[in-house]
Amino acid sequence: MSTVLIAEKPNAAKKIAEALADGKVEKKEKNGVLFYKIVYNNEEVIVACAVGHLFNLAEKTKNGLNYPTFLIEWKPSYLINKKSEFTKKYFDVLTELCKKADLIVVGTDFDNEGSVIGANIVRFICNRKDAKRMKFSTLTKDELRQSYERASPHLDWPQINAGETRHNLDFLWGVNLSRALMSSIKKAGSFKIMSIGRVQGPTLKLIVDKEREIRAFKPVPFWQLELKGDVDKGTIIAWHKQDKFWEKDKAESILNKTKNKDATISKIESKEFLQEPPYPFDLTTLQTEAYRCFGISPKETLAIAQDLYTSGLISYPRTSSQIISSSIDYIKILKELQKQPEYKELAKELLSRQKITPNNGKKTDPAHPAIYVTGEIAKLDPRKNKIYDLIVRRFLATFAEPAKRLTVTINIDVNSELFIARGTTTKEKGWHIFYGPYAKFKEEELPKVKEGQEIKNPAINMHEDATKPPKHYTPASLIKELESRNLGTKSTRAAIIDSLYQRSYIKEKAIEATELGIKTIETLEKYVPEIIDEKLTRHFEEEMDLIQEEKKKGDQVIEEAKQELIKISKEFKQKESDIGKNLLEATRETQRIQNTIGKCFVCENGELIVRRGKFGLFIACNKYPDCKTTFSIPANSTVKATEEFCPECKYYLILVFRKGKRPFKYCINKQCPKKLEWIKQQQEKNKIKQ
């Protein structure tokens, strides 16, 4: 009997083949696509792969900007998008292999996306109604062999139905509402590609609401009283117990009362407390920690984690679980980590204990445990190694002892007014040792004093300050906020934020809404608020959970969404002209801001603007032809103003974006020494490649 096992991606296929093979792995190739022939328990198994989605949803017939539209179907990805043409060769190889197979086994990732990928291959390529299904959380030999042996005789239909329903909702919502926006701008006399989605709209509204809050913020002045004085071994600093005084005269009154008065230690309190180890990583916490520790974006963290998973180094990262169950052999993992020099002593310390139990959290995931390391070793580039090290140390820290910290509070009496000094220090590091550089806590050790002791040379000072505006979201804090509101999924939130950047709705790392983003939300709030209704989005998220629990049918949820879209579309069309006018104004203002680099260096009356010419983008003064100042831009790139100047020549620095490359800062001055050095480096790199 011949079996074809289908993995989600090439790396996973290779790992699965190597794990299952009883002997040699025979590598095969057809049209540049690798697959593997192995023998498992005296049976021939072909391990082949997709490259993610080989099918995507599309309209049955093209419908221009007409909306609402509901006639959609699954089509091969290579027929929908030119960028997906490379998937055809995988499609063709799987088609040929499946024709000869007696049995199909799906070994794609065990989540909604992976299940839909597998189901579509089974239905549309293999022309079958069902197949066997593997379930695994790591690409390690033991787990893969066990998963193959215990494979379910049927596909995971509840997960497939939930995943398909999500695809349908996202497509219908996105295509219809995005068309509505573009149609309205077209009616206003222009064209711009715009998008809004089921989760994208409410996400943008969160950002705009925060922007409004920040812009509307008015600082409120307050005053604080500080005491500074000498003790036997150092200086003590304390603050009046009231902390902030909102009325200056009250602060001044106490200042006058305490100035040049004796200061005495009236009370000392010490409170020791245990700081429990952290929970194992779920995806959201990994993304927020990676941003805190390294400034790596949530989107990039997920991409790196996915690479680490397909390399067999960590478990499946798209999980919302904070639990490492007892079924996972963490003793074996710790023994494997002992083989890596940087973790040897830490793993050895844990293994020496009688009881090894992780400090699990409360969040669960029906498909996968928390993110954990497998113990396998691989050489990694510096950026991937940062994420790997963070995951390893988090894994180790969850098994460690609590840290012991001590808070000392000193009360100081100055003419019956109480000043307080407070400091917290770590007495026993516990899990801090295992989490290493990522366990950053403020250590504030107060000088040793006794009750009744007088402070020498006490000085009281009044400080004026003001309340600070709320902080902007960062990509990490926004992902956390979306999770708390049940908007989007652990797998999609980073991509949604990235899409908002690409559409110029938001900008900067400390996320600011652009004028286009603000105006879009203002317009939708005024005319069709349902599009950005957080409650409606959350309602459908809950409905999809019910589908996976087999408490609701996908068709029911899709029909409900269609009726909602029909209602929204009707309202939108009635107000299309007004909506288009508002959006067009915002689009033009946003483009003007984005394309303005700064004041012209030559004429000083003009502004340097990004323009498009015969040979691409360039920078020129808007006072042309009176001022003919121009600057070139690297070919095949887009740029953005930075409001920064080159430290070498004081010309403007611009941020350059190239497809598939990290953005970089670039001086516009043709003769800048730094720029000439950069060009020379690029030329040397090209010589090496040739």
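Trainee: Among contacts between residues at least 6 apart in sequence, what share joins residues at least 24 apart?

Mentor: In this protein, 69% of such contacts join residues at least 24 apart. Keep in mind that the model is predicted.

Trainee: How many helices and strands does the protein have, and what does its C-alpha trace span along the principal axes?

Mentor: The protein has 21 helices and 23 strands. Its C-alpha trace spans about 95 × 80 × 60 Å along the principal axes.

Trainee: Now the charged side chains. How many salt bridges does the structure hold?

Mentor: To read one, look for a side-chain nitrogen of Lys or Arg within 4 Å of a carboxyl oxygen of Asp or Glu. The structure holds 52 salt bridges.

Trainee: Which residue forms a salt bridge with K15, and where do the two lie?

Mentor: K15 pairs with E376, with the closest N and O atoms 3.4 Å apart. The two residues belong to distant parts of the chain: K15 sits in helix α1 (residues 10-20), while E376 lies in the loop between α12 (344-351) and α13 (382-398), 361 residues apart. E376 counts as partly exposed because its relative accessibility is 29%.

Trainee: Which residue does R145 meet in a salt bridge?

Mentor: R145 bridges to D22, and their closest N and O atoms are 3.1 Å apart. This pair also links distant parts of the chain, with R145 in helix α5 (residues 141-149) and D22 in the loop between α1 and β2 (26-30), 123 residues apart. With a relative accessible area of 43%, D22 is partly exposed.

Trainee: And R198 and E541: are they buried or exposed?

Mentor: Both R198 and E541 are buried. Their side chains meet in a salt bridge at 3.3 Å, N to O. R198 is in the loop between α6 (157-187) and α7 (200-216), whereas E541 is in helix α18 (residues 534-548), and 343 residues separate them. Through shared partners, salt bridges join R166, D170, R198 and E541 into one network.

Trainee: How should I read a sheet, and in what order do strands β21, β22 and β23 stand?

Mentor: In general, the strands of a sheet pair through backbone hydrogen bonds, in a parallel or an antiparallel manner. Here three strands form an open sheet in the order β21-β22-β23, with antiparallel pairing. β21 and β23 (664-667) are the edge strands, each pairing on one side only. On average, neighbouring strands of this sheet are turned by 35 degrees against each other, direction ignored.

Trainee: How many bridges join β21 to β22?

Mentor: Six bridges join β21 (residues 638-645) to β22 (residues 652-657), and these strands run antiparallel.

Trainee: How many bridges do β22 and β23 pair over, and which residue stands opposite I654?

Mentor: β22 and β23 pair over four bridges, in the antiparallel sense. I654 stands opposite Y666 in β23.

How values were computed: Residues are numbered from 1 along each chain as its sequence is written. This is a predicted model: local features need pLDDT of at least 70, side-chain atom pairs count only at pLDDT 80 or more; totals for chains, interfaces and linings use all residues. Side-chain values use heavy atoms; hydrogens and water are left out. Buried means under 20% relative accessible area, exposed over 50%, partly exposed in between (1.4 Å probe, protein chains only). Two strands pair if DSSP finds at least two bridges between them. Axes are lines fitted to C-alpha atoms, for helices over the stretch in contact, and angles run from 0 to 180 degrees between N-to-C directions. Contact means heavy atoms within 4.5 Å.
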